[in-house]
Amino acid sequence: MTTERPLVLPGDTIPPHLIPSSTTKPLRLGPGLRHLPPSDIIPVVAGQLITNHQKNSMWVEYNNNRYLPTPGDLIIAQIHRSGPDFYYCSLSPYTPHATLPHLSFESATKKTRPQLQPGSIVYARVVLANKHMDPEVECVSQSTGKSDGLGELKGGMVFDVSLQFARRLLMAKSREEGKVEVLEALGAEGLAFEIAVGRNGRVWVGGEDPKAVVVVGRALKETDEGRLGVEEQRKLVRRLVKGMK
Amino acid sequence: MPREAEPSLNEKQFVLQALQDSIRLDGRELEQYRPLELTFGDQYGVADVTLGKTRVLAKASAELTVPYADRPLDGIFNIATELSPMTSPAFEVNRPTETEVLISRLLEKTVRRSGALDTESLCLVAGQKCWSIRVDVHVLSHDGNLIDAACFAVVAALRHFRKPDTSMEGGVLTVYTPAEREPVPLSWLHSPFCVTWSFFGEDGDIAVLDATWMEEQVSSGSCTISLNKHGEICQIAKLGGVPVEAVSLLQCTNVALIKAKDMSSKLDRWLTEDAKRRDKGGLLAELSAENDRVPDI
Amino acid sequence: MTVTAAPEAALGVLPRADGSAKYSYAGYTVTASVNGPIEAQRRDEHPYEAHVDVIVRPAAGVGATRERHLESILQSSLTQIILVKNFPRSLIQIVLQVEDTPENDYVNTKLVQASLDFAIMPALFQTAVLALLSAGVPMRATATATAVALVSQDGSKTSVVDPSPRDVEIAQSVHVLAFTSQDELLLAESEGDFTVKEWDEVYETAKQVCCRPVPTKEGMEMVLDDEHTSGPDLRHFLRSTMEQKVASDLHWK
């Protein structure tokens, strides 16, 4: 791993020493890079160029606000209407609807499938996404046939956050790598709530007490919009919880 | 045609339920406004108003025209409101939506019909020459309560605006360019402000000030009260089907007066601050700019 | 009114748009919003690439033919740098709202009906590029634009970079040029009378303004360059603006 993370703009030339040169593994290009045959690699967005020599991969770390579906992403989708075989649901405003097959639920058959009303929300996984087709999502794991926590989200409230923040919340080590402490801090204050984070920048928060839900939502939004550090997050949570009582 | 995103059932339910307990999503009190900010442009008559995440830009401009034949002694005053796709991709150019029509009607009633601007003073030669004042309202970002923000922006822009100075001598009308004479402010009579209440619940018993976009989506009705700091009401528009008790409406009006007074003093303060900023160097700077004098030392 | 000497920009000024920028330079202030890729209307849908929609809105009055003309120029040049093939059948919508234009103190504007000056093009173009960068729309390259006016003085013509409204009024011709970050000419629009030789001079002047080499770490080139070029270093400006944005976005890294 190099610690150098230079700023790149679209069309910049990447310094050759930052392109990993492993001969055994294939070079993997992450988001924000374009390969122009034969051997040019060009950034297409503005961000920090990150090179991982061990994995022989490189990508551009950047923030955007428009969610682009990618297979495997966990998202929160809103049902728009039901068709003969699919639900049509929206992943982000003003984009074409994604399809959610009626049978993509745990142990669903034609008769036992869940009946979802327009406007209800589901926690789902993206299975199919490419630029020429509308995305498809599912609420069941293809391999195990179990829901794994996916499915309709009942009650609660949805809060919009930036895509970057949703990604940080979803990181396996969100505390160490993503520098998000806010959820742990809220839990430590004794608030009871459930949470589902969608990669499309939507966070569902459920709980008995609407006050607690609002506090969680505000803590998330203010952490995101105020770009707070770990210490500031703890302070914010203390302040919000104090104001709640 | 991109659709306007509608909040989900969960969100609608939660917002209503929370409001029953007097909780708002951003932690505000029911009668609390979001922070109101105003910045003036480099030119006269440009006001940029932000109210939370709602942002409205108003620009006043003037041109010389012929007065309407049936009103030879009056100048012309217009307010143009158009919601562009910048507000939301669901708005299309040249296709007015309900929101747009409502805003322009309310602004018209509040500012124009209430006689805030003395249109007679805009007339230069009866039946022949007059000023036409136009305010363009641009909504840059929409997070609810566009009307209050737009009205504040229009009033701020008009009070900040300066029109070219003119003189009449022996039947000859001269319009001075800004280089010749400093432009003059409009003859302004009173400053009306809009205060919008939103009602929630089936009997509309929860009243909330300065609703966000999300709250507007679940509200069952709204009431816009336009008034100035003296408590003179210019108009009341009650929209949405829900009936509201007369007594609570009176209560709303009383609170509206407090808010209008608050907005009025804020605007006065910002106008004075801006005047000070422009007057940096004062007269001296102006003289030296035009007449390159050589100091007598 | 004093004209701001250095360009100023703020990114992400509109919280509800995917990307936005406010840019002011030479008396012009423009705010832009970018939304996309979003669903395109049937009539704009293209099976292989995204439709780039540019809307120019004047500060006062409604847009007319003049604005449509500017829109079409901007649309065709921005389509060149956006990787439109990445998003077939979708729409990338760019709305440019003019906020301030420099005033000509010597003339009273007769018409409220807006007629945007040709010299506003660089400001519109630059704001659009900044907003696209802020929205993270994939692009082939970044670009910078400038306006050059040829003013005849005492029989000889001098070129004025970033002309004021007064300059535009007395100019024989006004040219707007944009270059990509790979020094390719992206946009060249001219108005007025001029010869091919004059255009070549304008091209060289504009290229100097738009395509200044990125200063190396030692700062050697910077010093050398400052001696024989005028005007702000647009490319450097673009880079430092984005640097701030990226640093603040990735504060947690």
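## Helix 1 of chain A

Analyst: Let's start with helix 1 of chain A, whose buried residues are Leu163(A), Gln164(A), Phe165(A), Ala166(A), Arg168(A) and Leu169(A). Before we go on: this is a predicted model, where local features need pLDDT of at least 70, side-chain atom pairs count only at pLDDT 80 or more, and totals for chains, interfaces and linings use all residues. As for bookkeeping, residues are numbered from 1 along each chain as its sequence is written, chains are lettered from A and ligands numbered from 1 in the order written, and side-chain values use heavy atoms, with hydrogens and water left out.

User: What makes helix 1 of chain A "mostly covered"?

Analyst: Six of its eight residues, in the run 163-170, are buried. Buried means under 20% relative accessible area (over 50% is exposed, in between is partly exposed; 1.4 Å probe, protein chains only). Helices here are DSSP runs of H or I with at least four residues, strands are E runs of at least two, and both are numbered from the N terminus.

User: What do the buried residues of helix 1 of chain A pack against?

Analyst: Their partners are strand 6 (57-61), strand 14 (194-198), strand 15 (202-206), helix 2 (182-188), helix 3 (210-225) and helix 4 (230-244) of chain A. Chain A as a whole has four helices and 15 strands, and 51% of its 245 residues are buried.

User: How do you know whether Cys130(B) is bonded to the closest cysteine sulfur?

Analyst: A disulfide needs two cysteine sulfur atoms within 2.5 Å. The closest sulfur to that of Cys130(B) belongs to Cys123(B), 6.1 Å away, so that's too far for a bond. Cys210(C) is in no disulfide either, with the sulfur of Cys211(C) nearest at 5.7 Å. Over all chains, the search finds zero disulfides.

User: Why are Cys130(B) and Cys210(C) called buried?

Analyst: Cys130(B) has a relative accessible area of 0%, so it's buried. Cys210(C) also comes out at 0%, and therefore counts as buried.

User: What makes Glu99(C) and Arg55(B) a salt bridge?

Analyst: The rule asks for a side-chain nitrogen of Lys or Arg within 4 Å of a carboxyl oxygen of Asp or Glu. In this pair the closest N and O atoms are 4.0 Å apart, and it is classed as a salt bridge. Chains B and C share four salt bridges. On the chain B side, strand 2 (46-51), strand 3 (54-65) and strand 6 (129-141) each supply at least two residues to the face touching chain C, and strand 3 gives the most, with seven.

User: How many residues are in contact between chain B and chain C?

Analyst: It's 38 from each chain, counting heavy atoms within 4.5 Å as contact. Together they bury about 3200 Å², 52% of it on carbon and sulfur atoms; that's the accessible area (1.4 Å probe) the two parts lose on being put together, summed over both.

User: And how do you know that Asp249(C) and Arg227(A) form a salt bridge?

Analyst: Their side chains meet at 2.8 Å, N to O, so that passes the salt-bridge rule. There are three salt bridges between chain C and chain A. Helix 6 (234-249) of chain C is one of the elements on this face, and gives the most to it, with seven residues. The two chains bury about 3000 Å² between them, 56% of it on carbon and sulfur atoms.
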